[in-house]
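Hi,

Here is the structure I promised to pass on. Have a look at it first, and then read my notes below.

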Amino acid sequence: MTAPSPTEATASEPAATATPRRTFGLAAATALVMGNIIGGGIFALPAAVAPYGTVSLLAFVVLSVAAVLLALLFGRLARRSPVTGGLYVYPRDAFGPFAGFLSAWSYWTMCWVSIAALAVAVVGYVDVLIPLHGNHALEGVVALAALWLPAAANFAGTRWVGAVQVVSTILKFVPLLLVSTIGLFFVDADNFGPFNASGDSTPGALAAAAALLLYSFLGVESAAVSAGEVENPGHNVGRASVLGTLGSALVYLLGTVAVFGLVPHDKLVKSGAPFADAVNAITGGSWGGTAIALVAVASITGCLNGWILLAAQMPYAAARDGLFPAPFANVGRGGVPGFGVWAVAVLGTLLIALNYTAGPDTTFRVLVLITTFTGCVPYLLSAAAQLYWLARGTRERVRPAGLARDLVVAALSFAFSFWLIAGAGYAAVYQGVLFLFAGIPVYVWLQGRKRETAGQTPTPSA
């Protein structure tokens, strides 16, 4: 049985590429978006952007607006193709299988590298709760446990994934929101420091801070990627994407403002646990580190739970079209692509092992830096796909009444993605392109196998 062609896998035939059951309601889908956006990054971001000064708060506002635009874009695209693997499906339908493959490969790369990074991030917070005394072997065991426990939840099925997302999102959202709101009453304006502390121009500092902060907003596409599991995806994907993004942006902005105003700038730049320092400033005690560490572990575990599902679903959708190795298309009883979960868990394990054997300043850190590039490529291609359908203006794909709105959303989303790719820096773009093109031999091999299976012999060129 051959895989459906790009023209066949449209919104009129969602069953061709979707999983049989839709288990995510609006609440679970919104929790999936928020859970994947708000991971471990929020607990370290204020210190990471402090060297740029309070201009980073403006960068947060710009990124929040852009993230909402992307959420609206994915909601519109999901109406047309309400199937699993959204960011792969959209470029495939518009530009053909090669564009779909590049999008899927780039997104999949970003996912499993980020998964390994999040698992390693758990170690620092566990160390606050249970001192590990710098034992690399023990730290590696903790990171692997943080990776494989959410993987086990995924093997249990998408219903369990949704339940874990709701619980973990509540566990981290409520405490963070309390800190972000109560902390505002203790803010000292003298702690904010200079507007631009980078020594660069304000536009340059804004772009640099935004490129760094983008990692914290990856996940806005979560509901679109999992559209095959979302009930009534034509409506709920867009709603969940916007609600989840707005909720996450609210936590980010209020939390960062509170931390900037609670912790003196010179101390914040050197802080390893900025939210713990902020809580200590409120209470005048030292118990904040333990409380925030507990929240951080729950936050990152929930984030890993959702990201592992996304990392398995993107290649699942591509494999059903013959654009990823066939085992990625296998689905277990729980509706989860089991081979995809195994693949990201094993690759993440290898990266974790590399991190704890070769030291912090190694290839692992370089791979983490290029996640911004590999994450933006599918955003760029999805925005281009929407512009393509709008340019065609076919009635079955574009509603004339919403043409102007959709055109503005798609154009701004494209410009935002392009700006962030450019702002990632020459090294990240160079390395990201190499990582992207490394998938081309896989595509060539798969296409060659498809021709061989179909009994077609390519005609030699002259």
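Which side chain meets that of D93 in a salt bridge? The partner is R92, and the N to O distance is 2.8 Å. Both residues of this pair, D93 and R92, are buried. Before you go further, keep in mind that this is a predicted model.

Searching the whole structure turns up 3 salt bridges. Now for the others.

R76 and D406 also join their side chains in a salt bridge, at 3.4 Å from N to O. This one ties together distant parts of the chain: R76 sits in helix 3 (residues 55-80), D406 sits in helix 17 (residues 403-423), and the two are 330 residues apart.

So are the two ends of that bridge buried or exposed, or something in between? R76 has a relative accessibility of 22%, so it counts as partly exposed. D406 has a relative accessible area of 6%, which means that D406 is buried. The cut-off that decides this is 20%: a residue under that value is called buried.

D406 has another partner too: its side chain forms a salt bridge with R405, with 3.1 Å between N and O. R405 is partly exposed, because its relative accessible area is 47%, and a residue has to be over 50% to be called exposed.

Cheers

Technical notes:
Residues numbered from 1 in each chain as written. Predicted model: local features only at pLDDT ≥ 70, side-chain atom pairs only at ≥ 80, totals over all residues. Heavy atoms only, no water. Salt bridge = Lys/Arg side-chain N within 4 Å of Asp/Glu carboxyl O. Helix = DSSP H or I, 4+ residues; strand = E, 2+ residues; numbered from the N terminus. Buried < 20%, exposed > 50% of the residue type's maximum accessible area, 1.4 Å probe, protein only.
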